[in-house]
Amino acid sequence: MSDDTEVISLLDNAGGHSVRRVRLQVSAGPDAGTDVSSSSEKVTIGSARGNDLVLSDPTVSRFHAELVRERGGHRLRDLESTNGTRVDHVRVVDAHVVDGSTLTFGNTSVRFTQVAEQDLVPLHPEPRFGQLVGEGVAMRALFARLARLAVTDATVLIEGESGTGKELVAEALHQQSPRAAGPFVVVDCGSIPPELVESELFGHEKGAFTGAAQERRGAFEAAHGGTLLLDEIGELPLAMQPRLLRALERRQVKRVGADAFRPVDVRFVAATHRDLRAAVNRKEFREDLYFRLAVGIVRVPPLRSHLEDLSLLLRHLWEETFRALGLPARPYIAPSAETLHQLMSLPWRGNVRELRNFVERSVAMSGALDAAFVQGAAASSNTSPGQPSVRVDLSYKDAKEAWLDYFEETYLRQRLSAAGGNVSQMAREAEVDRAHVIKLLRKHAVR
């Protein structure tokens, strides 16, 4: 056993994980000589306050780029900056960096190096937090951060791909907080027509507008004494963002059509699959609102980055599925090593939501996580566009449903991409009701 391995092993036993630091040293530009070092999962670079490396160079965007630690090294990701990001003089959008690389942001050059110092990242002692499960380093580090945030009243921004369980994270924060006895209210900002957002959030008085036959309290008032989750906050119309900012800062709301403000006692949590910093650069999201939401930031890892948790997740979802469907409990039989290997080789674009759907289909169709069913799922998951597989191992009805599922997902992904991620525009172009589009997007974990 090497010295490094022994140190990390001892730290893990003590409830922590050792992470090596990196250093960013400005070598050219207005801030030459500036030096920061960090062991954080993400290091952000930009001209806005709150970045880990703040640059005064006017050619640097507010949120210019981020350096992400992952297994095997670090990646540099441009955040849709105005003047671009370069690694060793090559312009990149997303690229791996190595020790000694020169990173360029606008007219500023920064040297990236790895240093000998290591920091201890706390790990949660249990392989679960609320309804969340995971025994690997990534999830236990997430649980430890959630445990620290839960006991506070700090506003939390939850980031993560679609299907990673952001709502479960928010609910776990609520359940482990002093507000657990209060309400947990969820508002999906992406599913509300723009003209109704204000009423949904703040409520309205009787007669405030056509159709307001009676007064109605909004989500802020409904969550009084508890927690309010603003899901898909990146979809909130720009015109509504100043009102939300005011409510967050003053803890007061005014119903549509009312004259006076009402105090609210609410803990705020927001969630998004979008990068709000890139949205700030595009002027689609207010910078001051971003900072007000990002008091505590929680990043939920995609399933592909913690596949060591797959066995535990399969057991958990198996038991949960039988309870949810009202079926008599059936003993869980772990999949064979071959089946587990096949599952770990799948891309899981829909993350844990896709895994849950797989388990539910297994329970409904075969009652077991057998190899034949996994092979069919793998074929469907790895099929290239325009070449869907025909599941001849299924009944005609189930095979047809699988084909239709493929059509829906493929159509939705391509339409959403063509609309630049704008759900409302996509719905108009597809000539489908927006609410139905949102339902289909959730069904297929498309975002």
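Reply: Let's start with burial: buried means under 20% relative accessible area, exposed means over 50%, and partly exposed is anything in between (1.4 Å probe, protein chains only). Keep in mind that this is a predicted model, where local features need pLDDT of at least 70, side-chain atom pairs count only at pLDDT 80 or more, and totals for chains, interfaces and linings use all residues. Residues are numbered from 1 along each chain as its sequence is written, and side-chain values use heavy atoms, with hydrogens and water left out.

Now the salt bridges, meaning a side-chain nitrogen of Lys or Arg within 4 Å of a carboxyl oxygen of Asp or Glu. The structure has 26 of them. One of these joins Arg-62 to Glu-287, with the closest N and O atoms 2.6 Å apart. Arg-62 sits in the loop between β4 (53-54) and β5 (65-70), while Glu-287 belongs to helix α8 (residues 287-293), so this pair ties together parts that are 225 residues apart in sequence. Helices (H or I, at least four residues) and strands (E, at least two) are DSSP runs here, numbered from the N terminus. Arg-62 is partly exposed, at 35% relative accessible area.

Next, Glu-66 pairs with Arg-277, and here the closest N and O atoms are 2.5 Å apart. Glu-66 is in strand β5 and Arg-277 in helix α7 (residues 276-281), so the pair ties together parts 211 residues apart in sequence. Both Glu-66 and Arg-277 are buried.

Then there's Glu-429 with Arg-415, a salt bridge at 3.8 Å, N to O. Glu-429 lies in helix α14 (residues 423-430) and Arg-415 in helix α13 (residues 396-418), 14 residues apart. Glu-429 is partly exposed at 35% relative accessible area, and Arg-415 is partly exposed at 26%. Shared partners also build a network of salt bridges: Lys-42, Glu-66, Arg-77, Asp-275 and Arg-277 are all joined in it.

As for the serine, Ser-81 lies in the loop between β6 (73-78) and β7 (85-87). Ser-81 is buried, with a relative accessible area of 10%. A polar atom of the Ser-81 side chain lies 3.0 Å from the backbone nitrogen of Gly-84. Setting aside neighbours within four places in sequence, Ser-81 is in contact (heavy atoms within 4.5 Å) with Ser-61 and His-64.

Definitions and conventions
Polar contact = N/O pair within 3.5 Å; in protein donor to acceptor, adjacent residues only side chain to side chain.
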